[in-house]
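Take a walk through this protein chain.

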Amino acid sequence: MNKDGRTFEQLTSFTGQDTDGQPLPDGSMLFLSSRDGQYNLYRLAPGMDDKDGAGAVTQLTFFKPTGDEVTIAHGVRDLAVSADGSLAVFVVWNTLYSLDLTRANADPVALDVELGADLGRDTIERLNLSSRVTEAAIHPSGDAVVVSARGELFVRSTKEGYPTRRITDTPYREGSLAWSPDGSVLYFSSDDADGLGTIYKAEVSFALEDLEPEPTAEPVEESADETAAESEEPAESADEQVSESTDAPAPGDENPDGGDEKGGSEEEKEPKVDYAKRWSGALRFAITPVVKSAEPVYAPLPSPDGTKLLYKRERGDVLLRDLVTGADRVLFESWSDPSVFWASDSRHIYYENSDLDFNTDIFILDTMPSEDGTSPEPVNISMHPDIDHSPRLSHDGKVMTFLSDRDNENWGFDVYAVYLDKSLEGMTSYALKEYFEEAAKAAKKLKPLDPTAKQEEIEPLEFDADDAYLRVRRLTSTPESESDLAMTPGGDRVLFSTVIDGSRSYVSVDHTGKDRKSVQSGGVSDVRVALDGSEISFVSGGQARKSGSSGGKVTTLGISASIDIDRGAERAQKFREAAGRFGQSFYHPTLKGLDWARITERYDELTGYTRTNQAFQRLMNLMFGEVDGSHTGIWGGDGFSASSPGNGYLGADVSPVESGYRIDRVLLGGAIDEMKDGPIDGDVIVAVNEHRLTGADTASGLADLHAALVGLSGDEVLLEYVHTDDTGASETRFGIVRPSSYGSASVMRYENEVLRRRTLVEERSGGRLGYLHIRSMGIESVRDFERDLYAAAHGKEGLVIDVRDNGGGWTTDILLASLTAPAHAYTIPRGANPDDVQFDNYPRDRRLIYAWNRPISVLINQNSFSNAEIFAHSIKTIGRGKLIGTQTFGGVISTGSFSLIDGTTVRRPFRGWYLPDGTDMESHGAMPDIAVSQTPMDEVRGIDRQLETAVDTMLKDLGTP
């Protein structure tokens with residue numbers, strides 16, 4: 001913008017980045033540019049632009065990595081210039097520099113900065129974890145619960161009044177809790193110093209009972225009468241017959257190492273350990289690694305018979321370890337991190353997994369190798385092109401439930417069920433009811449595994465699985481998506497989260513999907529079902545809780561735990577995890593040729609110096625920027641977040657005048673527009689409530705209108721304004737206005753702009769063309785697209801589709817279903833005039849979305865991003881229409897996210913998009929067929945050259961009507 005504030009002039013045209021322009025008093029311009037591969041400082045001569053040849057642009061700094069410096073964090077950043085234009089200061093890597101701008105060829109000078117005191121936050125912080133639980137695993141006996149809170153593990157008895165004991169004390173993140181079936185061992189994973197994942201086991205090494213072990217009975221000689229008398233007493237229970245201490249021999253055991261020399265069978269038995277009692281009274285723990293690998297390993301899951309351990313490696317490979325021999329075997333490889341579960345026979349597993357169509361199905365796999373050593377093929381249970389996930393299998397293997405969006409819009413899940421025993425299919429309702437009642441009774445008899453008892457061989461489960469996908473039925477249907485699926489081992493109760501009457505709840509239904517009972521109000525996570533199905537546990541509100549599987553009383557299993565967080569150690573852990581997981585999952589297999597290990601080492605040098613979460617996140621964003629990719633970022637976690645000031649918006653364009661703010665345009669649907677007899681264009685606002693807008697100590701003498709509306713969103717506000725009629729007579733008027741929120745004002749302005757463009761197209765085309773704008777690529781915008789498509793295009797010869805400033809989403813293929821539907825027939829009802837029939841007339845209710853077969857053009861610009869770019873590429877690839885405008889941003893990667901130990905969120909771009917010729921859409925924005933720039937000057941004048949060109953081009957292509 002020039003000094004007159006009304007005109008604009010383009011000064012640079014480099015195809016890369018020119019940024020941080022700083023005008024100097026002599027008329028020259030200082031700016032940063034990536035012209036030499038790093039950001040460096042440049043100077044543009046007065047009155048020139050970079051097309052004027054030699055002497056127009058002078059490079060002032062020449063920073064680049066040297067020696068072992070694999071990166072200098074993109075070069076010069078944080079540029080600031082003195083008011084007189086004589087000195088520039090900036091940062092390169094971790095050094096502050098100054099540059100004398102008055103001397104030609106001056107060299108940057110590194111500044112030695114010393115601080116007299118460090119006023120940053122303490123390096124050690126005390127944190128209460130009572131409401132920070134993220135996982136909770138109740139002991140198989142139900143007597144103890146272990147929780148994970150901010151990456152640390154704690155245990156407490158499920159009885160009231162018992163203390164909380166800390167199991168782990170590390171700066172790492174421990175989780176993925178799983179009990180051994182006998183309750184002796186807790187398995188978990190940790191991203192320790194050795195990598196992103198190691199699997200450990202925790203055992204109780206010292207418990208309350210070890211403080212006062214049961215005394216050893218003194219040997220006495222018993223008379224025959226006493227022996228006979230004792231034989232008449234009832235037999236003691238197994239628990240009463242053995243010592244509960246693992247550190248001392250059982251009472252009467254004189255030879256714990258070698259057994260009874262006389263060969264007595266009783267003395268040879270191992271003492272029975274009450275693991276439930278030891279865990280509920282645990283004081284110390286022995287923690288040892290179970291699986292260590294060069295790749296991350298995580299998610300341990302022991303088999304029901306305790307002999308095997310499932311775990312995952314790297315991105316989702318599933319491995320099986322024989323806990324007797326220690327041998328590992330890969331069951332299957334996966335990039336999608338599948339959810340995997342054991343069937344009750346400890347032989348079969350069932351899981352969800354995605355294919356390269358990104359379709360998720362449910363599978364059952366026999367883990368027993370064939371005679372030739374190969375693994376059997378998995379059986380696809382759900383076999384559907386929509387997403388099926390979260391499988392749950394009954395203990396007898398006859399009933400499976402899962403979540404699917406097959407009957408809804410994308411990611412709108414309901415519960416589905418399938419019988420894996422065909423005999424259940426033909427049962428009457430009362431016979432099925434009896435089956436489920438008996439299955440529930442059988443499940444209630446299930447007990448934790450007895451480590452001292454000989455395990456009976458379990459018959460492998462059999463499944464009628466080959467045609468199971470044909471027998472899947474919908475079990476539930478609620479207005480909103482269901483999640484957090486669980487099922488009792490008898491299959492008699494199914495539990496899930498949904499929204500009922502506007503509120504999220506966790507509910508339980510019977511095997512028919514009826515008899516709904518409320519379990520917990522609000523959201524839940526980490527739902528687990530007790531071995532016998534009588535109870536469930538879950539996390540809600542940052543606390544562990546339990547309840548009956550059919551609802552009833554909810555018991556909070558709160559922990560009393562505070563920890564001292566070493567901020568430096570935690571930042572190191574956060575850095576390792578963020579850098580490692582990002583490098584592991586970024587979509588490009590070589591990270592665009594980067595040596596990520598060296599880059600990680602380089603940035604690790606700086607993270608130790610950060611004292612705030614904001615500084616840490618800035619460094620991480622710089623690191624993610626090394627891949628020169630879109631859809632990266634880091635945010636959230638601990639730190640201050642200010643609340644919204646609740647600014648009010650009047651819904652009008654205004655200009656300052658001597659007496660207040662003149663209304664240039666009242667926007668349709670805005671706060672002023674909705675007033676009864678409110679102000680109109682040309683009126684002047686002079687006061688808001690009791691605050692007059694004139695007489696302020698400012699250059700204009702006016703108070704800030706926006707400041708006068710702070711905190712007034714949604715309130716009734718007295719507006720004082722001056723109205724001037726056609727004769728020039730003025731009068732002061734008053735009215736009550738209810739200012740809208742920023743969100744509402746933004747939507748209203750958007751709708752006004754769309755209406756303006758639609759009117760322009762209507763007028764410029766003489767009514768021949770329609771116009772619609774797609775604001776985003778989400779399902780709400782698809783609904784708007786279908787509505788607007790009919791309203792804007794019905795009866796038109798062509799359509800201008802605008803995806804400028806569209807931030808993306810996921811709905812390109814839904815839109816293409818509308819724009820590429822073939823016109824294979826048309827229909828004429830009796831009595832209709834055949835001359836009125838168009839070639840694409842067809843019963844609209846037969847299509848999933850309103851179709852448009854006539855000519856289109858698509859408007860794009862540099863702010864068309866992500867899925868909006870995919871849409872533009874698709875239109876050009878299939879030749880459906882012309883692209884008009886400017887090249888799109890070039891940011892096309894599918895992305896997810898993961899969270900760090902303190903709740904910080906990291907975006908994870910994991911899937912690349914490619915054109916049929918192999919071109920990566922990332923960094924290759926869609927090129928327009930007709931290039932038209934939209935300048936700031938056009939914006940000021942209200943000219944839309946791109947839209948005008950689209951209309952004129954389409955009319956030319958259509959020819960004379």
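The secondary structure of the protein chain comes to 15 helices and 52 strands. Both are DSSP runs, numbered from the N terminus: helices are H or I with at least four residues, and strands are E with at least two. This is a predicted model, in which local features need pLDDT of at least 70, side-chain atom pairs count only at pLDDT 80 or more, and totals for chains, interfaces and linings use all residues. Residues are numbered from 1 along each chain as its sequence is written, and side-chain values use heavy atoms, with hydrogens and water left out.

Along the principal axes, the C-alpha atoms fill a box of roughly 125 × 90 × 65 Å. The chain has 961 residues, and 44% of them are buried. Buried means under 20% relative accessible area, exposed means over 50%, and partly exposed is in between (1.4 Å probe, protein chains only). Take the contacts between residues at least 6 apart in sequence: 55% of these join residues at least 24 apart. Contact means heavy atoms within 4.5 Å.

Next, find helix α11 (residues 779-793) and helix α12 (residues 812-819). Their axes come within 10 Å and cross at roughly 15°. That makes α11 roughly parallel to α12, a label for angles under 35 degrees. Axes are lines fitted to C-alpha atoms, for helices over the stretch in contact, and angles run from 0 to 180 degrees between N-to-C directions. I779, V782, F785 and L789 of α11 touch I814, L815, S818 and L819 of α12. By class, this contact has seven nonpolar, one polar and no charged residues. Here Ala, Val, Leu, Ile, Met, Phe, Trp, Tyr, Cys and Pro count as nonpolar, Asp, Glu, Lys and Arg as charged, and the others, Gly among them, as polar.

What does α12 pack against at an angle of about 35°? The partner is helix α13 (residues 867-877), with the axes 9 Å apart. T812, L815, L816 and L819 in α12 meet N867, I870, F871, S874 and I875 in α13. These residues divide into six nonpolar, three polar and no charged.

Finally, turn to the loops. Most residues other than glycine have a negative phi. H74 is not a glycine, yet its phi is positive, about 80°. H74 sits in the loop between β4 (57-59) and β5 (76-81). K592 is not a glycine either, and has a positive phi of about 60°. K592 lies in the loop between α6 (567-585) and α7 (596-607). At 30% relative accessibility, K592 counts as partly exposed.

How values were computed:
Parallel < 35°, antiparallel > 145°, perpendicular 65-115°, else oblique.
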